[in-house]
Each structure stands twice: as C-alpha cells, then as structure tokens.
Amino acid sequence: MTLAAIIFAGILTYFTRMTMIALINRDMLGDKIKAVLEYVPSAVFPAIIFPGIFINDFGTFIEINDPKIFGALVAVIVGYFSKNVIATIFSGLLSYWLIIFVF
Amino acid sequence: MFTKKQLFTRGMLDISPHMLSVIPFGIICGAIGVELGFHPYLVYTMSFIIFGGASQIVFLQLLSGGASSLVAVASVGIINSRHLLYGAVLSEYLEKLSFLKKLLISYVVVDQGFAESNKFFKKNRNEEFLHYHLIGTGCTMWVCWQIATLSGIVLGSFVPEELGLKFAIPLTFIAIVVQDLKKLDHVIVMITCGLSSLLFFDAPFKSYVIISPIIALFVAALLLRLKK
C-alpha cells in the first residue's frame with residue numbers, strides 16, 4: 001500500500017523532471033519567456049530558503065532572536081564576499097551553533 | 001573545447017561543496033523515516049524511486065500523521081513541480097540530445113545540480129558535450145543521497161537533533177543565489193519569492209513551493225518590461 005504510493009509519487013516526480021526537457025524544444029519558447037526564465041534560480045530558491053529560516057519544525061514563525069536568523073545573515077555576508085560554497089555553509093552553521101551551545 | 005570526461009569531472013567538482021549540507025540532510029531523512037515507524041526498506045526505496053529530499057520527508061510525515069496516501073502523493077508532485085521550471089531552463093542546452101538520452105538525463109536533475117550546471121552552461125554555451133556536466137552534478141548527488149539516506153536509516157535516532165542540521169539546507173541555497181544579490185532586479189525577485197513563500201506557507205499540499213516562484217516570475221516579467 002505504502003509502496004504503491006511511493007511508486008506513484010516517484011512517477012509523478014519523474015514526470016516533473018522529464019516533461020520540459022524531453023517534450024519542449026527551443027522554438028516553442030519565445031524570447032520573452034526565455035528572458036523571464038533567466039530569473040528561475042532567483043525565483044525558486046528563496047521559497048526553500050525563507051521557510052527554512054523563518055518557520056520552525058512545527059510550522060509556526062520563529063522569534064526575532066532565533067539563532068537561525070543570525071546564522072543566515074553571517075552566511076549571506078561570508079558567501080557574498082568569499083564566493084565560496086563551503087565557507088558559506090560552514091560560517092552559517094558555526095555561527096548558529098555558537099549561539100545555541102555557547103550563549 | 002572540453003572532453004566528455006573533463007565536463008563530467010567539472011560537474012562533480014562544481015556540486016561537491018553542496019554535499020556538506022546534502023549528506024547531513026540525507027542522514028536526517030533516513031533517520032526520520034525509521035523513527036516515524038516505516039520499514040527501512042520502504043524508507044530507502046523512496047531515495048531510489050522519488051529521489052527528492054524534502055518531498056520524501058513530507059511524504060512520510062503526512063502518511064504517519066494519518067493523511068490519505070492520495071494527499072501524500074499529490075504533495076510530493078506539487079513540491080517537485082519546481083523541476084518543470086528547471087527543465088524549461090535546461091531544455092535550451094539539451095535540445096540536441098536524442099529523446100532517449102533526454103529521458104535518462106531527466107532522472108538526475110536536482111536543485112543544486114540544476115543551479116551549478118546552469119551557471120556553467122551560461123558561460124560555456126558553445127561546448128558540444130555540455131550535458132556531461134549535468135550528468136556529473138546529477139550522479140554525484142545521486143550517489144551521495146543514496147549513501148546518506150542509507151546511513152540515516154542505519155544510524156536512526158543516533159543522529160543528535162540538537163545540532164539542527166536541517167538548517168544546512170537553506171544555507172546551501174543561500175550559497176547558490178548570494179552572488180545575484182549584486183543585481184537589483186534579482187534582489188526584488190528573490191524578496192518577492194521569499195515573502196510569498198512565508199505568506200502562502202499554510203496553503204494546501206505545500207503548494208507555496210510553486211506558488212511563490214510563479215508570483216516571483218510574474219514580477220520578473222514586469223521588471224523586464226520596465227527595463228525596456
């Protein structure tokens with residue numbers, strides 16, 4: 001029963017991956033649409049970033065002094081200047097742990 | 001011109017820093033599944049069949065909370081519908097591939113792989129074997145995800161929850177978009193998406209994951225019109 005649901009979910013997920021790659025060719029997308037698609041990373045990833053910071057495991061908003069806000073700010077600043085993925089993730093996690101475990 | 005092997009390796013290298021957050025997240029995914037009372041085989045099967053981090057957790061949480069499996073399947077579909085946008089962007093670079101190759105390569109399209117390969121594609125439009133970069137990012141992600149979720153299943157509740165390792169996920173995506181903060185139009189699009197995602201967080205089936213990008217893309221279209 002659960003396995004059947006997993007298989008359905010898998011097929012659905014595969015279709016989301018495959019549809020646009022396999023069934024759309026370049027001529028079907030106009031220049032205007034292509035220009036808008038340039039923004040896809042900026043338009044999609046904040047929908048993962050913002051809830052990951054501002055909403056806790058119980059689906060409610062965090063407090064203003066939550067260590068995740070500090071960790072995210074440090075990661076943004078370090079990432080912006082270092083242009084380095086590892087430095088961004090590490091600095092964010094370390095500053096988050098610093099507040100949780102030290103203060 | 002790069003060779004196929006060089007492109008594949010480059011893809012592996014470009015995505016590997018993200019494993020710093022993907023591996024802990026995979027371990028958590030596996031651990032949560034077992035903790036919620038699902039059979040380890042089922043939890044692992046998901047990593048193979050669905051292969052999509054957050055959607056796997058949501059799926060198991062919904063089922064264990066007593067939701068209908070129809071709701072769980074629909075939620076996975078909606079959370080993962082963002083891949084449609086990735087596909088639309090990537091289709092331009094993959095159009096020369098045969099239909100079969102397109103079908104195969106689609107299985108390994110993931111968030112971080114899309115982001116890194118798309119950055120590489122933009123700078124190297126004229127390479128002949130560009131898709132090997134995407135295969136490199138996708139396969140690296142696939143292998144790490146399988147190993148990580150399996151480890152989580154084995155380790156189970158051994159993974160300390162106080163570490164808050166889930167926080168590594170927003171961080172990995174910050175690393176992806178942070179350089180675009182230099183461009184005002186991108187900043188506006190990002191803020192639109194982020195605020196919409198908080199506003200629509202309680203929308204059914206986790207649909208904020210796709211509602212907010214659509215709103216943000218509309219704003220992007222408006223900005224493009226203003227720029228002219």
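**Questions on a predicted two-chain model**

Trp145(B) has its place in helix α9 (residues 131–155) of chain B; helices here are DSSP runs of H or I with at least four residues, strands are runs of E with at least two, and both are numbered from the N terminus. This is a predicted model, in which local features need pLDDT of at least 70, side-chain atom pairs count only at pLDDT 80 or more, and totals for chains, interfaces and linings use all residues. Residues are numbered from 1 along each chain as its sequence is written, while chains are lettered from A and ligands numbered from 1 in the order in which they are written.

Student: Is Trp145(B) buried or exposed?
Tutor: A residue is buried if 20 or more other C-beta atoms, placed from the backbone, lie within 10 Å of its own, exposed if 12 or fewer do, and partly exposed in between. Trp145(B) has 24 other C-beta atoms within 10 Å, and therefore counts as buried.

Student: Which residues does Trp145(B) touch, not counting residues up to four places away in sequence?
Tutor: Two residues are in contact if their C-beta atoms, placed from the backbone, lie within 7 Å. By C-alpha atoms, Trp145(B) is 9.1 Å from Gly52(B), although the two are 93 residues apart in sequence. The residues that Trp145(B) touches are Val22(B), Gly26(B), Ser47(B) and Phe51(B).

Student: What share of the contacts in chain B between residues at least 6 apart in sequence join residues at least 24 apart?
Tutor: Chain B has twelve helices and zero strands, and buried residues make up 51% of its 228 residues. Of its contacts between residues at least 6 apart in sequence, the share joining residues at least 24 apart is 75%.

Student: What radius of gyration does chain A have?
Tutor: Chain A has six helices and zero strands, and its C-alpha atoms fill a box of roughly 55 × 45 × 25 Å along the principal axes. A compact globule of 103 residues would come near 13 Å, but chain A has 19 Å.

Student: How is helix α11 of chain B oriented to helix α12 of chain B?
Tutor: Axes are lines fitted to C-alpha atoms, for helices over the stretch in contact, and angles run from 0 to 180 degrees between N-to-C directions. Helix α11 (residues 184–199) and helix α12 (residues 208–227) of chain B pack at about 150°, with axes 8 Å apart. Angles under 35 degrees count as roughly parallel, over 145 as roughly antiparallel, 65 to 115 as roughly perpendicular and the rest as oblique. Therefore α11(B) and α12(B) are roughly antiparallel.

Key: The radius of gyration is taken over C-alpha atoms; the globule rule is 2.2 Å times the number of residues to the power 0.38.
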